[in-house]
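Work through the following exercises with the sequence and the model side by side. Try each task before you read its solution.

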Amino acid sequence: MTILVKRIYEPAARSDGFRVLVDRLWPRGISKERAELDLWLPDLGPSTELRKWFSHDPSKWEVFCSRYHAELKEKNELVSELKGRAKEGTVTLLYSAKDEAHNQAVVLKELLLSGDEGLQRERRHDAETGRGLKKQSATLSGKKIVTAVRRDRGR
């Protein structure tokens, strides 16, 4: 499984594979054509509250990671489908932050590479505690994608 992390402002490359923007907000100064996205999943970005609280302050990194992991648990379906896509080929998680080490794409990559047992354990915990998973409107498996921007694969 190959998952790359890259700033959206860097040029697209063939080696990027499937390009997914994981920012909640569209990046400033980037046209949809220049972004060369395969998919935009704003729902995988940190919540507005978490994003504003974090404000890319490295001293808040550990707490941000913990809070963002908790938010991602509510999006197991999207995370699982993105992990499935990564098993098929290279996936590049795109973000717009200036800090290359402290951003949501880094956290998401870590979660995707953590192994299926982590997601299965979280699902068992959710089932045991009676917590329901929120349904997400976007999918990656060629089905309904409501919050996504697609482009032709002719890179």
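Helices (H or I, at least four residues) and strands (E, at least two) are DSSP runs, numbered from the N terminus. This is a predicted model, in which local features need pLDDT of at least 70 and side-chain atom pairs count only at pLDDT 80 or more, while totals for chains, interfaces and linings use all residues. Residues are numbered from 1 along each chain as its sequence is written, and side-chain values use heavy atoms, with hydrogens and water left out.

**Exercise 1. Describe the order of the elements and the burial of the protein.**

Solution. Begin by listing the elements from the N terminus, which gives β-β-α-β-α-α-α-β-α-α. The protein therefore has 6 helices and 4 strands, as runs of this kind are defined. Next, apply the burial classes: buried means under 20% relative accessible area, exposed over 50%, and partly exposed in between (1.4 Å probe, protein chains only). By this rule 43% of the 155 residues of the protein count as buried.

**Exercise 2. Check the length of helix α4 and find where its buried residues lie.**

Solution. The expected span of a helix is 1.5 Å times one less than its number of residues. For the 13 residues of α4 (residues 76–88) this rule gives 18 Å, and the end C-alpha atoms are 19 Å apart, which agrees. Then sort the residues by burial: Asn76, Leu78, Val79, Leu82, Lys83 and Ala86 are buried in α4. Seen down the helix axis, these buried residues fall within an arc of 165°, so they line one face of α4; the arc is that of the directions from the helix axis to the C-beta atoms. On the other side of α4, Lys87 and Glu88 are exposed.

**Exercise 3. Identify the largest nonpolar core and the elements that supply it.**

Solution. A nonpolar core is a set of buried Ala, Val, Leu, Ile, Met, Phe, Trp, Tyr and Cys residues joined through side-chain atoms within 4.5 Å. The largest such core has 27 residues, and those with the most contacts inside it are Val20, Leu44, Leu82, Leu93 and Leu108. At least two residues of this core come from each of β2 (18–21), α2 (48–54), α3 (61–73), α4, β4 (91–95) and α5 (104–113). Apart from it lies another core, of 7 residues, which includes Leu21, Ala35, Leu37 and Trp40. Not counting residues up to four places away in sequence, Leu44 touches Val22, Tyr68, Leu72, Lys75, Leu78, Val79, Leu82 and Leu108.

**Exercise 4. Work out the setting of Gln104.**

Solution. Gln104 lies in helix α5, and at 7% relative accessibility it counts as buried. A polar contact is a pair of N or O atoms within 3.5 Å; within protein, one must be able to donate a hydrogen and the other to accept it, and residues adjacent in sequence count only if both atoms are side-chain atoms. The side chain of Gln104 makes such a contact with the side chain of Asp23, at 2.3 Å, and a polar atom of the Gln104 side chain lies 3.3 Å from the backbone oxygen of Val22.

Technical notes
Contact = heavy atoms within 4.5 Å.
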